[in-house]
Amino acid sequence: MKSFYVYLLKCADGSYYGGHTDDIEARMQQHHASDVGYTSTRKPLELVWQGEFETREGAIAFEQQIKGWSRAKKEALIAGDWTRVQELAKSNAKPASFEPFSEAQNKLVEEDARLRQAQPERLGATAEADLINRILHGDAAAQRRAIAKAITLLESTRADHRVQADELLTALLPQTGKAFRLGISGVPGVGKSTFIEVLGLYLIAQGHRVAVLTIDPSSTVSGGSILGDKTRMEHLSVHERAYIRPSPSSGTLGGVAEKTREAMLVCEAAGYDVVIVETVGVGQSETAVANMTDMFVLMQLPNAGDDLQAIKKGVMELADLVIINKADIDADAAMRAEAQITSAMRLFGLVNNAMGGDQAANYDKLWRPRVVQLSALHNKGVDVFWDAVTQFRTIQTSNGQLAARRRHQSLSWMWERIDAGLKQAFRRDPAVSAMLPALMAQVENGQLPASTAARNLLAAQSGCARAAIK
Ligand SMILES: Nc1nc2c(ncn2[C@@H]2O[C@H](COP(=O)(O)OP(=O)(O)OP(=O)(O)O)[C@@H](O)[C@H]2O)c(=O)[nH]1
Ligand SMILES: [Mg+2]
């Protein structure tokens, strides 16, 4: 029997967008692909809730109803808190607007509650095997749809989707790891998209398949860069040997990075052998990208060399290679920038640095960060850049650094997720959430030392009392 869905999407400005459809997957792709019809702040970004109906009429009726709901009520719905939804409906200033749930809606309530229980529903074994098969062996179009479906699953916040996503990743894992993972960062406007377009096409011409993923911590706020990327990568984005996926648009940086890392694994399993992860140089996103890639490239403008203050030392330390882009604008400035950045890296101890012991013995076998000039707009220097990347890969593979980096990344990834999971469990703990508001207020007002509040909360967490009292 056919199903109809009502869904809520979170928009770039934090508001919610409601709709109905009989093909949720296709509709989500339309929302993600479409740059028209929305203002940049109203662009719908993330699927936060969906409910299933047997008839189109039922879906439309429910959609009409939730469109009139308050924000609090929508959020209660998203949280799956139907009791609260009902309460809010009853406490509404205009009692007339409360309509008791219809039979279809009641079914929806039950279904939603069932999905949120400890034993979440899973993709049937056949459907899951089919999805995996299409990711690994599908023809270009089927594969793209399967990748999109898998990534949508990874990005979903629903517990049952997470279970499926974990199964999927575990099944795909043996097919991952063969790609070269390249991180690219730079301030807005430095030319990342322009560069990735020419680099991607250059690599495709050499027989590679290229996936481009983005971590944009600002996309929840602006929603704008997706549009910029599509127009700047117009040839690459439609090429059948390329796959471009914009940043997951909600959640913490850690959460966004997690989704991107997992999306990278899906692309690798599908046979993309160069995965580019792009980020704008704000916040901690560079560290996140450097921590999930084999090589981290920082893009700079020619004038950056004049103002080394502008280059954060921490970011410079992450860079395996620095690109000076837009060298066509002023060749002299680009030369100066190259010299200055090279010498700055030397000052930071990154190039030809003094080393002792094992490091010194391996001196010739180690990669030393490099600076290259480029004009992405005029497609000049891409070959020089890729030569450097190839050298990096050869050197770091033969000295074992590449494998060590990946091992280290996997473990730190595991711990990061454990930290995040523990924190989430902590916040959800009933004892903790009961105490939290009062303790937060006391800490804010200076009535209670932060460390004491933390200890009390940790001690309160069910089953964790002993761990906290040391
Ligand atoms: N002259 C010159 N202009 C360039 C070059 N590379 C990019 N541009 C221009 O710089 C502008 C910004 O380029 P983008 O590729 O959108 O920059 P971006 O880093 O992706 O920017 P965000 O997506 O906003 O972070 C565009 O107008 C490009 O045409 C270059 O090598 N030379
Ligand atoms: Mg861009």
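1. Let's start with the shell around ligand 1. Sorted by class, this shell holds 7 nonpolar, 6 polar and 5 charged residues. Please keep in mind as you look that the model is predicted.

2. Which residues come nearest to ligand 1? Of the 18 residues around the ligand, they are K192, S193, T194, R232 and D328.

3. Now look at the polar atoms. The side chain of S193 has an N or O atom 2.8 Å from an oxygen atom of ligand 1. An oxygen atom of the ligand also lies 3.0 Å from a polar backbone atom of G191. In the case of N325, an N or O atom in the side chain is 3.1 Å from a nitrogen atom of ligand 1.

4. How much of ligand 1 does the protein bury? Taken alone, the ligand exposes 650 Å², and the protein buries 79% of that.

5. Helices take part here as well. Two elements, α9 (192-205) and α10 (225-232), each give two or more residues to the shell around ligand 1. The most come from α9, which gives 3 residues.

6. Next, a pair of helices. Two packed helices are described by the angle between their axes and the distance between the axes. For α19 (residues 430-444) and α20 (residues 450-460), the axes come within 10 Å and cross at roughly 175 degrees. Angles over 145 degrees count as roughly antiparallel, so α19 is roughly antiparallel to α20.

7. Finally, the contact between these helices. From α19 come A431, V432, M435, L436, L439 and V443, while α20 brings A450, A453, N456, L457 and A460. By class, this contact of α19 with α20 has 10 nonpolar residues, 1 polar residue and no charged ones.

Note on methods: Residues are numbered from 1 along each chain as its sequence is written. Chains are lettered from A and ligands numbered from 1 in the order in which they are written. This is a predicted model: local features need pLDDT of at least 70, side-chain atom pairs count only at pLDDT 80 or more; totals for chains, interfaces and linings use all residues. Side-chain values use heavy atoms; hydrogens and water are left out. A residue is near a molecule or strand if one of its heavy atoms lies within 4 Å of it. A polar contact is a pair of N or O atoms within 3.5 Å; within protein, one must be able to donate a hydrogen and the other to accept it, and residues adjacent in sequence count only if both atoms are side-chain atoms. Accessible areas come from the Shrake-Rupley method with a 1.4 Å probe; for residues, only the protein chains shown count as cover. Helices (H or I, at least four residues) and strands (E, at least two) are DSSP runs, numbered from the N terminus. Ala, Val, Leu, Ile, Met, Phe, Trp, Tyr, Cys and Pro count as nonpolar, Asp, Glu, Lys and Arg as charged, and the others, Gly among them, as polar. Axes are lines fitted to C-alpha atoms, for helices over the stretch in contact, and angles run from 0 to 180 degrees between N-to-C directions. Angles under 35 degrees count as roughly parallel, over 145 as roughly antiparallel, 65 to 115 as roughly perpendicular and the rest as oblique. Contact means heavy atoms within 4.5 Å.
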